[in-house]
Amino acid sequence: MKLAIFGGGQLGRMLALAALPLDVRCQFLDPVEAPCAAAAGRHIRGDYEDPAALEAFAQGADSATYEFENVPVAAVEHVARLIPAAPGAVSLACAQDRGHEKQLFEDLDIAVAPWAEVNDAGSLSQAAATVGLPAVLKTRRFGYDGKGQVVIRGADELDAAWDAVGAQPCVLEAFVPFQREVSMIGVRSREGEIRCYTLTENVHRDGILRRSTPVEGDALQPAAEAALSKVMRALDHVGVMAFEFFVAEGRLLANEIAPRVHNSGHWTIDGAVCSQFENHVRAVLDLPLGETALRQPCVMLNAIGSMPATAELAAIPGVRIHAYGKSARPGRKVGHVTVLGCSTSELRRRLAMLDALIDA
Ligand SMILES: Nc1ncnc2c1ncn2[C@@H]1O[C@H](COP(=O)(O)OP(=O)(O)O)[C@@H](O)[C@H]1O
Ligand SMILES: [Mg+2]
């Protein structure tokens, strides 16, 4: 079978690596010259807005999917007229707009931090009065890795914050003094079957994910599964979805969803029976879903900026190396490692060895 994937970044690359053992070949549409997924499948260089490129991309494929959420909705709709596409344009359109996302959470009775829409400098001061300060001003669209966000601590910072986000439609969200951040990753089949992974605890620095740890038996697992399931059903989502939450006063507060495989689920490649990547491929190609159970305690560390030397990583027991084949650049996600251990004490010892190699 053949799978057409919008985007040729590391998520596309890892989808293709998971697809190959199922005898599924991937082709990627990406406007850049040498996307890192090209090493794992066929790269079609073209624009998401170019109908000829979209047709070449869909040609011969059994299904289409996307690996990042800023694909134009019209491009997915165009391809969906040629071949089956999943997740659908509805999931994509919702996840592209923080305002729609938060409204959906509220409509589904999923708790969110106080928030308000902001369309101009005047509505920002109004929003600050209702939401309260400190708060985070976030662009509605195109934000990732903490980009397009400013923390506002006092009323005297409102104008500067509005300029800093480029004076565009935003949401203002109360700053959450969270105890921790967690995410729930799950997959939904075309028939509506849902399987969820172990709740994952995430540590961010400067808005970028650094470290993810699946926590077996976490008391919040059922609530996180319920929230994710509600959203997937409401959007008739097919494929993997990730839901990020803050934990405040012991309760989940919804942050955002991603209608795709997610960085906080990279540990599933080595730590779960069937990875998020394989399960996404299975779901969009209408194959039975795989087991999501945790196999072993593990921790995923992101390599940001540059990848440590392979030989040094490989010398640490229990370490699985995932380099994305990307050149080093400050702030860039160039790879990750997952470290596994039979016990938490063994895992801790191995993590201590990794400390010298990865600043996560
Ligand atoms: N309202 C908030 N209160 C406290 N921290 C926040 C808030 N919003 C975002 N953050 C921090 O910034 C990180 C990135 O923000 P997020 O809204 O998830 O955007 P993105 O992941 O798309 O860049 C969060 O994981 C969290 O660490
Ligand atoms: Mg996020």
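How many Å separate the centres of domain 1 and domain 2, taken over C-alpha atoms? The separation is 34 Å. Welcome to a predicted model, in which local features need pLDDT of at least 70, side-chain atom pairs count only at pLDDT 80 or more, and totals for chains, interfaces and linings use all residues. Residues are numbered from 1 along each chain as its sequence is written, while chains are lettered from A and ligands numbered from 1 in the order in which they are written.

**Domains**

- The protein chain is assigned domain 1 (2-85), domain 2 (114-174) and domain 3 (180-355); such bounds come from an automatic or database domain assignment.

**Nonpolar cores**

- A nonpolar core is a set of buried Ala, Val, Leu, Ile, Met, Phe, Trp, Tyr and Cys residues joined through C-beta atoms within 7 Å.
- Buried residues have 20 or more other C-beta atoms within 10 Å of their own, exposed ones 12 or fewer, and partly exposed ones fall in between, with C-beta atoms placed from the backbone.
- The largest core has 86 residues, and Leu15, Leu172 and Phe243 touch the most other members.
- Helix 1 (residues 10-19) gives this core its largest share, six residues.
- A second, separate core has 16 residues, including Val319, Val339, Leu351 and Ala360.

**Helix 1 meets helix 10**

- Helices (H or I, at least four residues) and strands (E, at least two) are DSSP runs, numbered from the N terminus.
- The axes of helix 1 and helix 10 (residues 276-284) come within 8 Å and cross at roughly 75°; axes are lines fitted to C-alpha atoms, for helices over the stretch in contact, and angles run from 0 to 180 degrees between N-to-C directions.
- The two helices are therefore roughly perpendicular to each other, a label for angles of 65 to 115 degrees, with under 35 roughly parallel, over 145 roughly antiparallel and the rest oblique.
- Met14, Leu15, Ala18 and Ala19 of helix 1 make the contact with Phe277, Glu278, His280 and Val281 of helix 10, where contact means C-beta atoms, placed from the backbone, within 7 Å.

**Helix 10 and histidine 280**

- Nine of the nine residues of helix 10 are buried, so this helix is largely enclosed by the rest of the structure.
- Histidine 280 sits in helix 10 and is buried, with 31 other C-beta atoms within 10 Å.
- Not counting residues up to four places away in sequence, histidine 280 touches Leu15, Val187, Gly239, Val240 and Val261.
- Histidine 280 and proline 87 lie 193 residues apart in sequence, and 9.6 Å apart in space, C-alpha to C-alpha.

How values were computed
Contact = placed C-beta atoms within 7 Å.
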